Amino acid sequence: MFEAKAKVLYIEDNADNMMLVKRVLLVEDYEVIEARNGREGLAKAASELPDIIITDINLPDIDGYEITSSLKGNPITANIPVIAMTANVMKKDRQNVLDAGCDGYISKPIDIDELPIQIEKFLAKRKK
Ligand code: MN
(Lines give C-alpha, C1' and ligand atoms only; values in the text may rest on other atoms or scores of the structure.)
Protein backbone atom coordinates (compact mmCIF):
# COMPACT_ATOMS: atom_id res chain seq x y z
CA MET A 1 0.00 0.00 0.00
CA PHE A 2 1.21 3.46 -0.84
CA GLU A 3 2.11 5.44 2.23
CA ALA A 4 2.81 9.13 1.77
CA LYS A 5 5.90 10.63 3.42
CA ALA A 6 3.80 13.51 4.68
CA LYS A 7 0.66 15.44 3.83
CA VAL A 8 1.30 18.85 2.30
CA LEU A 9 -1.37 21.53 1.90
CA TYR A 10 -0.46 23.92 -0.89
CA ILE A 11 -2.41 27.19 -1.13
CA GLU A 12 -1.82 28.72 -4.56
CA ASP A 13 -3.98 30.51 -7.13
CA ASN A 14 -1.51 30.19 -10.02
CA ALA A 15 -2.30 27.03 -11.98
CA ASP A 16 1.23 26.63 -13.37
CA ASN A 17 2.84 26.80 -9.94
CA MET A 18 0.22 24.41 -8.57
CA MET A 19 0.94 21.89 -11.30
CA LEU A 20 4.71 22.18 -10.93
CA VAL A 21 4.82 21.86 -7.15
CA LYS A 22 2.30 19.04 -7.17
CA ARG A 23 4.32 17.10 -9.72
CA VAL A 24 7.56 17.55 -7.81
CA LEU A 25 6.04 16.54 -4.48
CA LEU A 26 4.11 13.54 -5.81
CA VAL A 27 7.33 12.14 -7.29
CA GLU A 28 8.86 12.47 -3.80
CA ASP A 29 5.94 10.49 -2.29
CA TYR A 30 4.18 13.39 -0.61
CA GLU A 31 0.42 13.62 -0.51
CA VAL A 32 -0.64 17.02 -1.82
CA ILE A 33 -3.87 18.76 -0.87
CA GLU A 34 -4.69 21.70 -3.14
CA ALA A 35 -6.35 24.97 -2.24
CA ARG A 36 -6.87 27.71 -4.83
CA ASN A 37 -7.62 30.57 -2.46
CA GLY A 38 -7.26 31.58 1.17
CA ARG A 39 -10.68 30.53 2.38
CA GLU A 40 -10.33 27.09 0.86
CA GLY A 41 -6.85 26.89 2.38
CA LEU A 42 -8.05 27.67 5.90
CA ALA A 43 -10.94 25.19 5.59
CA LYS A 44 -8.67 22.39 4.34
CA ALA A 45 -6.03 23.11 6.98
CA ALA A 46 -8.63 22.47 9.69
CA SER A 47 -10.29 19.47 8.03
CA GLU A 48 -7.19 17.71 6.64
CA LEU A 49 -4.68 18.60 9.36
CA PRO A 50 -1.67 18.47 7.01
CA ASP A 51 1.90 17.95 8.28
CA ILE A 52 3.02 21.16 6.60
CA ILE A 53 1.40 24.07 4.76
CA ILE A 54 2.94 25.96 1.86
CA THR A 55 1.18 29.20 1.04
CA ASP A 56 1.47 31.72 -1.72
CA ILE A 57 1.34 35.33 -0.48
CA ASN A 58 -0.77 36.98 -3.19
CA LEU A 59 -4.11 35.22 -3.34
CA PRO A 60 -7.49 36.42 -4.66
CA ASP A 61 -9.22 36.67 -1.28
CA ILE A 62 -7.10 36.52 1.88
CA ASP A 63 -3.32 37.09 1.58
CA GLY A 64 -0.72 34.65 2.88
CA TYR A 65 0.10 36.82 5.90
CA GLU A 66 -3.51 36.82 7.05
CA ILE A 67 -3.83 33.09 6.39
CA THR A 68 -0.79 32.47 8.56
CA SER A 69 -2.14 34.63 11.40
CA SER A 70 -5.44 32.72 11.29
CA LEU A 71 -3.69 29.35 11.28
CA LYS A 72 -1.41 30.30 14.16
CA GLY A 73 -4.34 31.74 16.11
CA ASN A 74 -6.37 28.54 15.85
CA PRO A 75 -5.34 25.87 18.41
CA ILE A 76 -6.23 23.12 15.91
CA THR A 77 -3.71 24.35 13.32
CA ALA A 78 -1.28 26.41 15.43
CA ASN A 79 1.46 23.76 15.44
CA ILE A 80 1.50 23.05 11.72
CA PRO A 81 4.57 24.63 10.09
CA VAL A 82 3.63 27.29 7.53
CA ILE A 83 6.06 28.06 4.74
CA ALA A 84 5.45 31.13 2.60
CA MET A 85 6.28 30.87 -1.07
CA THR A 86 7.17 34.33 -2.19
CA ALA A 87 8.63 36.13 -5.15
CA ASN A 88 9.37 39.03 -2.81
CA VAL A 89 13.06 38.54 -2.26
CA MET A 90 13.70 41.84 -0.53
CA LYS A 91 15.02 41.46 2.99
CA LYS A 92 12.08 43.50 4.32
CA ASP A 93 9.60 41.13 2.66
CA ARG A 94 11.30 38.11 4.17
CA GLN A 95 10.99 39.78 7.54
CA ASN A 96 7.27 40.42 6.90
CA VAL A 97 6.81 36.72 6.23
CA LEU A 98 8.47 35.78 9.51
CA ASP A 99 6.65 38.54 11.42
CA ALA A 100 3.34 37.13 10.17
CA GLY A 101 4.22 33.89 11.97
CA CYS A 102 5.46 31.83 9.04
CA ASP A 103 8.03 29.21 10.01
CA GLY A 104 10.06 29.93 6.90
CA TYR A 105 9.89 30.87 3.27
CA ILE A 106 10.72 29.46 -0.12
CA SER A 107 11.65 31.86 -2.90
CA LYS A 108 9.99 31.99 -6.29
CA PRO A 109 10.77 31.10 -9.02
CA ILE A 110 10.43 27.57 -7.68
CA ASP A 111 13.63 25.52 -7.75
CA ILE A 112 12.38 21.98 -8.33
CA ASP A 113 15.59 20.41 -7.02
CA GLU A 114 15.64 22.52 -3.87
CA LEU A 115 11.93 22.30 -3.03
CA PRO A 116 11.84 18.72 -1.68
CA ILE A 117 15.04 19.36 0.28
CA GLN A 118 13.59 22.49 1.85
CA ILE A 119 10.35 20.73 2.76
CA GLU A 120 12.21 17.85 4.37
CA LYS A 121 14.28 20.33 6.33
CA PHE A 122 11.15 22.06 7.69
CA LEU A 123 9.51 18.73 8.54
CA ALA A 124 12.64 17.50 10.34
CA LYS A 125 12.73 20.68 12.38
CA ARG A 126 9.15 20.07 13.46
CA LYS A 127 9.83 16.54 14.72
CA LYS A 128 12.54 17.72 17.12
MN1 MN B 1 -0.73 34.20 -6.26
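Biologist: In what order do the five strands of the open sheet run?

Modeller: This is a predicted model, where local features need pLDDT of at least 70, side-chain atom pairs count only at pLDDT 80 or more, and totals for chains, interfaces and linings use all residues. Residues are numbered from 1 along each chain as its sequence is written, and side-chain values use heavy atoms, leaving out hydrogens and water. Strands here are DSSP runs (E, at least two residues; helices are H or I, at least four), numbered from the N terminus, and two of them pair if DSSP finds at least two bridges between them. With parallel pairing, the order is S2-S1-S3-S4-S5.

Biologist: Which strands sit at the edges?

Modeller: Look for strands that pair on one side only. Those are S2 (31-35) and S5 (104-107).

Biologist: And which residue in S5 is the bridge partner of isoleucine 83?

Modeller: S4 and S5 pair in the parallel sense over four bridges. The S5 partner of isoleucine 83 is glycine 104.

Biologist: At about what angle does helix H3 run to S3?

Modeller: Axes are lines fitted to C-alpha atoms, for helices over the stretch in contact (heavy atoms within 4.5 Å), and angles between N-to-C directions go from 0 to 180 degrees. H3 (residues 64-73) lies across S1, S3 and S4, and its angle to S3 is about 155°.

Biologist: How many residues has the largest nonpolar core?

Modeller: Such a core is a set of buried (under 20% relative accessible area, 1.4 Å probe, protein chains only) Ala, Val, Leu, Ile, Met, Phe, Trp, Tyr and Cys residues joined through side-chain atoms within 4.5 Å. Tyr10, Leu25, Met85, Leu115 and Ile119 have the most contacts inside the largest one. Its residue count is 19.

Notes:
Buried < 20%, exposed > 50% of the residue type's maximum accessible area, 1.4 Å probe, protein only.
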